[in-house]
Amino acid sequence: MPHPDWTHRSRTALWHPCTQMKQHDAGDLPLIAIACGQGPWLYDFAGRRYLDAISSWWVNLFGHANPRINAAIKEQLDRLEHVILAGFTHAPVVELSERLAVLTGGTLGHCFYASDGSSAVEIALKMSFHTWRNQGQPEKNRFLCLAGSYHGETLGTLSVGDVALYKDAYAPLLRQAETVPSPDARQAQPGESAADVARRAAMALENHLAEHHDSIAALIVEPLVQGAGGMIMYDPEYLRLARMICDRYQVHLICDEIMVGFGRTGTLFAHEQAGIRPDFLCLSKGLTGGYLPLSVVLTTDPIYATFYDDAVIRGFLHSHSYTGNPLACRAALATLAIFAEDAVLERNRRFAERFTALLQPLANHPQARHFRHTGMIWAVDIATADPDFRLRFYREALTRDVLLRPLGTTIYFMPPYVLNDDEAALLAERAVAALQAALA
Ligand SMILES: *Cc1c(COP(=O)(O)O)cnc(C)c1O
């Protein structure tokens, strides 16, 4: 049966995200119309399949068309699709908030919802500043971020980001945050461990706060893996020290776990590996298993208490239209149920061992540098001066039925948690083949 030319119509009617549209029209960048998904596979209209090795931009956890998540959403759909969350509440949002509080050890018992990651980061920034303001310290109105950090694309989140490609064009619009060194483990000198690099970066943080803490509301970090900055990985020691230093200088710690949350780094939340809890925790992406847009900021009783007052303006008067959407909350509850019922983290640990072994030919490629791995994320830098490497590799991988989108010259893998052994072997083999072809 003939089908309409979706890609042509898409190029005409849409403006695709993070894309120079001319590359599509010039044929440099393929545009693929997807008809359906099943498990880790995406199928186009001709029945050709692609292994979704980046979890559809880091969101999918348990595969496409997951029967359990599908069923939960369908059931919710016939009860209540949406309701205003100001003045009203509903079962899915209450149950989800209670679950999240338990999963963060009861320390982060207040959930504020939005629909995407960037909005969650904006909320955390506003809440942090507003907390200090409510406490009579409005001069604490600046933010501190790590070199190479990424926290979203809105103006507020770009200003706590440090990825030039996304930020530089908008520099005149931003109130730029202050930046401290990243604990990037690749910076280890001979004889130095990742923890040593973390301690060095923590010392720079301490020096910065010693001088500027009066004006700083919060430090925002991506725990353990700085994603869009190039899958920069670091030792948990940094988070442990950052927590201590922030406490010492009365600065909030915001953990942006939008990418690293929900098992990506091996633990349910990345900050657990440092034995700490943040003042604000931002979650999105995997929260709904990659199904529906939902984000949340969790915070503590003491912070919540600074807003709790007779004066309306001391409250947090922030909202988004779809805050706490019931369908999205149901998808999130179904996702958390899978974690509870299937021993997902243990299965992932066994998978990660096998997949790391399968990636050794890539790690040992003569042009590969700094092969690294944290939980269910793998990355390697490719030594090449070719400015088109990223696009070349992307195309070569697609030719081999694999969806991999390098960040600059960094190839990374962030598969859904459902690959079987054959799919893992196929992915590892085709990645090396694509690399050889891209470099040829
Ligand atoms: C993706 C991401 C965001 C932004 O989330 P959106 O839903 O794309 O707005 C923020 N922080 C981190 C660490 C992310 O990976």
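A polar contact is taken here as a pair of N or O atoms within 3.5 Å, where within protein one atom must be able to donate a hydrogen and the other to accept it, and where residues adjacent in sequence count only if both atoms are side-chain atoms. The structure is a predicted model, in which local features need pLDDT of at least 70 and side-chain atom pairs count only at pLDDT 80 or more, whereas totals for chains, interfaces and linings use all residues. Residues are numbered from 1 along each chain as its sequence is written, and side-chain values use heavy atoms, with hydrogens and water left out.

By the contact criterion, the backbone oxygen of Ala147 lies 3.1 Å from a polar atom of the side chain of Gln226. Gln226 belongs to strand S8 (residues 225-226), strands being DSSP runs of E with at least two residues and helices runs of H or I with at least four, each numbered from the N terminus. Gln226 counts as buried because its relative accessibility is 0%, where buried means under 20% relative accessible area, exposed over 50% and partly exposed in between, with a 1.4 Å probe and protein chains only.

The ligand is surrounded by a set of residues that includes Trp58, Gly117, Ser118, Tyr150, Asp256 and Lys285, a residue being near a molecule if one of its heavy atoms lies within 4 Å of it. Taken alone, the ligand exposes 380 Å², of which the protein buries 82%, the areas coming from the Shrake-Rupley method with a 1.4 Å probe.

Helix H13 (residues 344-358) has 15 residues and reaches 21 Å from its first C-alpha to its last, close to the 21 Å expected at 1.5 Å a residue, the expected span being 1.5 Å times one less than the number of residues. In H13, Val344, Asn348, Phe351, Ala352, Phe355 and Thr356 are buried. These residues lie on the same side of H13 because they cover an arc of only 135° around the axis, as given by the directions from the helix axis to the C-beta atoms.

His16, in the loop between helix H1 (6-13) and helix H2 (21-25), is buried, with a relative accessible area of 17%, and a polar contact of 2.8 Å joins its side chain to that of Ser10.
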